[in-house]
Amino acid sequence: MIKYRTLIGANAAQEEIDTFVELVASGGAVDEVYVRMGVVRLGAQIAFAEVAGQTVGVAALKVPLHEYRIGLQGTNKANYSLTEQEYPYELGYVSVSPEHAGKGIAKALVAEVMRLAGGNGIFATTSHPTMKEGILPSFQFVPVGKTWKNLSGDTLILLVKKSQKDNTDQ
């Protein structure tokens with residue numbers, strides 16, 4: 001049976017952070033240094049999927065830095081406006097161990113992060129085919145802007161989901 005739990009990143013124990021970072025870094029898409037900084041940033045929340053006490057999947061609700069947003073909006077990347085008011089959060093660090101892939105864990109983790117976002121606008125960047133073609137569109141994320149290549153040569157895409165709140169809530 002798969003158990004899911006969430007934590008405020010800044011309140012996580014060092015062992016929990018290490019486990020989270022190890023699983024994300026094992027996928028090779030994100031440098032460990034950035035993951036460590038991102039999960040403890042003010043407002044970040046992290047989700048775990050566990051089987052028999054072992055972490056088999058992770059994801060995060062991130063609060064991106066202004067500089068990161070500016071970089072994504074640049075003409076050498078997505079070239080799409082990501083204002084903090086419209087998209088206060090980023091879905092990131094979704095990673096599932098290879099032996100547990102294909103069991104719906106990533107989709108369940110994304111659902112949990114979407115719950116944590118509380119209907120606010122959210123964006124994600126990915127090069128992973130299952131994320132960009134299946135999981136994220138199933139949560140009404142849409143691709144925007146243009147694709148770009150990261151330093152590893154992977155083609156990345158920006159996907160957004162607009163706020164589900166009416167304007168009186170903001």
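I began with E112 and R115, whose side chains meet in a salt bridge at 2.6 Å, N to O, where a salt bridge is a side-chain nitrogen of Lys or Arg within 4 Å of a carboxyl oxygen of Asp or Glu. E112 and R115 are three residues apart in helix α4, so about one helical turn separates them; I take helices (H or I, at least four residues) and strands (E, at least two) as DSSP runs, numbered from the N terminus. R115 counts as exposed, at 52% relative accessibility, on a scale where buried means under 20% relative accessible area, exposed over 50%, and partly exposed in between (1.4 Å probe, protein chains only).

Before going on I noted that this is a predicted model, in which local features need pLDDT of at least 70 and side-chain atom pairs count only at pLDDT 80 or more, while totals for chains, interfaces and linings use all residues. I also noted that residues are numbered from 1 along each chain as its sequence is written, and that side-chain values use heavy atoms, with hydrogens and water left out.

Next I asked how many salt bridges the rule gives. The count comes to seven. One of them joins the side chains of R5 and E16, at 2.9 Å from N to O. R5 lies in strand β1 (residues 2-8) and E16 in helix α1 (residues 14-26), so this pair ties together parts that are eleven residues apart in sequence. I recorded R5 as partly exposed, at 24% relative accessibility, and I found R5, E16 and E50 linked in a network of salt bridges.

I then looked up R36, which forms a salt bridge with D18, the closest N and O atoms being 2.9 Å apart. Because R36 lies in helix α2 (residues 32-40) and D18 in helix α1, the pair ties together parts that are 18 residues apart in sequence. Both ends are partly exposed, R36 with a relative accessible area of 30% and D18 with one of 31%.

The contact (heavy atoms within 4.5 Å) includes D18 of α1 and R36 of α2, and among the others are F20 and V21 of α1 and V35 and V39 of α2.

Last I turned to α4 (residues 105-117) and α5 (residues 129-138), which pack at an angle of about 45 degrees with their axes 10 Å apart. That angle makes α4 oblique to α5. The contact is made by A106, K107 and V110 of α4 and by M131, I135, L136 and S138 of α5.

H128 is partly exposed, with a relative accessible area of 44%. H128 and S152 are 24 residues apart in sequence, and 13 Å separates them in space, C-alpha to C-alpha.

Note on methods
Axes are lines fitted to C-alpha atoms, for helices over the stretch in contact, and angles run from 0 to 180 degrees between N-to-C directions. Angles under 35 degrees count as roughly parallel, over 145 as roughly antiparallel, 65 to 115 as roughly perpendicular and the rest as oblique.
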